[in-house]
Amino acid sequence: MTFGKAGEAALGQWMAENARVRWVEHPEPWTAEADLIARHGLPLNLDQNQRNAFHSRLKERRTQARQRARERPVTS
């Protein structure tokens, strides 16, 4: 699914201004995600995060957003 050319550009600009990326070397990187989620409760990461109070609401909102997107015509 896409936001179309203008929407993707706007999203890219927002991410450039607001999103942050961090990384660390880890001897077993496949274990790091679960540990980070458990330790910090990252609310937008639904995987392995069912204990977060926001989980069910976000999951439902994402389901609704996907359904609305499927009902709309594809634009460029």
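Predicted model: local features only at pLDDT ≥ 70, side-chain atom pairs only at ≥ 80, totals over all residues.
Student: What span does helix α2 reach, and what is expected?

Tutor: The expected span is 1.5 Å times one less than the number of residues. Helix α2 covers residues 29–40, which is 12 residues. From first C-alpha to last it reaches 17 Å, close to the 16 Å expected.

Student: How many helices and strands are there?

Tutor: The protein has 3 helices and 0 strands. Its order from the N terminus is α-α-α. The radius of gyration (over C-alpha atoms) is compared with a globule rule, 2.2 Å times the number of residues to the power 0.38. Here it is 16 Å, well over the 11 Å that the rule gives for 76 residues, so the protein is more spread out than a compact globule. The C-alpha atoms fill a box of roughly 45 × 30 × 20 Å along the principal axes.

Student: Is asparagine 49 buried or exposed?

Tutor: Buried means under 20% relative accessible area, exposed means over 50%, and partly exposed lies in between (1.4 Å probe, protein chains only). Asparagine 49 has 4% relative accessibility, so it counts as buried. It sits in the loop between α2 and α3 (55–71). Contact means heavy atoms within 4.5 Å. Leaving aside neighbours within four places in sequence, asparagine 49 contacts Ile37, Gly41, Leu42, Pro43 and His55. Of the 76 residues, 11% count as buried.

Student: What about tryptophan 14: where is it found?

Tutor: Tryptophan 14 is in helix α1 (residues 4–18). It counts as partly exposed because its relative accessibility is 49%.

Student: Where is threonine 75, and how many residues separate it from phenylalanine 3?

Tutor: Threonine 75 lies in the segment after α3. It is exposed, at 52% relative accessible area. Phenylalanine 3 is 72 residues away in sequence but 8.1 Å away in space, C-alpha to C-alpha.

Technical notes:
Residues numbered from 1 in each chain as written. Heavy atoms only, no water. Helix = DSSP H or I, 4+ residues; strand = E, 2+ residues; numbered from the N terminus.
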